[in-house]
Amino acid sequence: MAATDFNGVLGDLAYMKSVAQAGTSGSRYLGNTHQGWHIILKTNDTFDVRNVQSFNAATNQINNYSGGWSTYNIPNDGVIFAENNVWISGTVNGRRVTIVGANLISASQKNVYIGNDIRYTNYDCTDIIGIIAQNDIDIFRASEDDLRIDAAMIAQSGKIERPHYSGGGGDLIKSVITVYGALASNQRYGFAWTDGTGYTTRNLYYDNNLLYCPPPYFPTGT
């Protein structure tokens with residue numbers, strides 16, 4: 001089997017950026033401001049977003065914000081493109097959306113951070129989430145002990161992982177992570193480490209609906 005060309009995803013990202021800037025299907029573009037964007041998906045077809053002023057690079061958690069929360073409609077069959085890092089959580093109900101964290105204007109590659117549930121209300125193609133990071137998709141240190149991610153995820157140049165966090169504290173070992181969707185990781189993925197840190201139980205389920213209902217503008221192939 002031929003290796004997947006992850007470099008080719010860059011072309012898809014550029015196209016998705018143009019879709020977001022044009023506002024196609026309600027798509028939204030978030031600029032390269034401060035350290036990124038915190039996006040919370042909601043079941044009333046909207047999402048809350050706030051600009052991240054700074055974050056802790058050792059834990060990947062948000063320190064503080066710049067400005068207040070804004071609320072927008074979740075694009076249906078559209079894209080939320082952030083030219084920066086992205087923190088994502090929440091639940092959709094009747095929406096199909098792709099969320100991207102990527103910087104296409106400089107050499108500083110961006111990540112997506114997850115630590116709270118990302119969920120569907122419906123499991124019949126009605127709800128579909130795609131998540132694409134230009135670099136890594138990282139689970140932040142203070143993530144939920146029982147974490148569920150309903151999404152198809154791509155780490156274009158990096159990896160999908162819970163990094164190896166160190167130091168004291170009681171949040172190095174977590175119980176269960178469940179991914180219902182798909183994983184495409186340029187580098188080796190993983191949510192646990194040989195020293196026992198990370199998630200003790202990892203449940204990875206492929207969502208067969210993705211064959212017929214891929215996320216909007218998502219790179220697909222055989």
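Ring pairs join Phe 55, Trp 87 and Tyr 113 into a cluster. Two rings of Phe, Tyr or Trp (its six-membered ring) are taken as a pair if their centres lie within 6.5 Å; planes under 30 degrees apart count as stacked, over 60 as edge-to-face and the rest as tilted. The model is predicted, so local features need pLDDT of at least 70 and side-chain atom pairs count only at pLDDT 80 or more, while totals for chains, interfaces and linings use all residues. Residues are numbered from 1 along each chain as its sequence is written, and side-chain values use heavy atoms, with hydrogens and water left out.

**Aromatic pairs**

The count of aromatic pairs comes to 10. One of them is tilted and joins Phe 47 and Tyr 72, at 5.8 Å centre to centre and 45 degrees between the planes. Phe 47 belongs to strand E3 (residues 46-56) and Tyr 72 to strand E4 (residues 61-73), 25 residues apart; strands (E, at least two residues) and helices (H or I, at least four) are DSSP runs, numbered from the N terminus. Phe 47 is buried at 0% relative accessibility, whereas Tyr 72 is partly exposed at 26%. Here buried means under 20% relative accessible area, exposed over 50% and partly exposed in between (1.4 Å probe, protein chains only).

The rings of Phe 55 and Tyr 113 are also tilted, with centres 5.7 Å apart and planes at 45 degrees. This pair links strand E3 to strand E8 (residues 112-120) across 58 residues, and both residues are buried.

**Salt bridges**

Nine salt bridges are found in the whole structure, each being a side-chain nitrogen of Lys or Arg within 4 Å of a carboxyl oxygen of Asp or Glu. Three of them are tabulated.

| Salt bridge | N to O distance |
|---|---|
| Lys 17 and Glu 83 | 2.8 Å |
| Asp 117 and Arg 119 | 3.9 Å |
| Lys 159 and Glu 161 | 3.9 Å |

Lys 17 lies in helix H1 (residues 9-22) and Glu 83 in the loop between strand E5 (78-82) and strand E6 (86-92), so their bridge ties together parts 66 residues apart in sequence. Lys 17 is buried, with a relative accessible area of 12%, and Glu 83 is buried at 0%. Salt bridges also link Asp 136, Lys 159 and Glu 161 in a network. Within it, Lys 159 is partly exposed at 21% relative accessibility and Glu 161 is buried at 10%.

**A pocket lining**

Lys 159 and Glu 161 are among the residues lining the second largest pocket, which also include Arg 162, Tyr 189 and Trp 193.

Technical notes:
1 Å grid on protein atoms, 1.4 Å probe; cavity = no way out; pocket = protein on both sides within 12 Å on 5 of 7 lines; lining within 4 Å.
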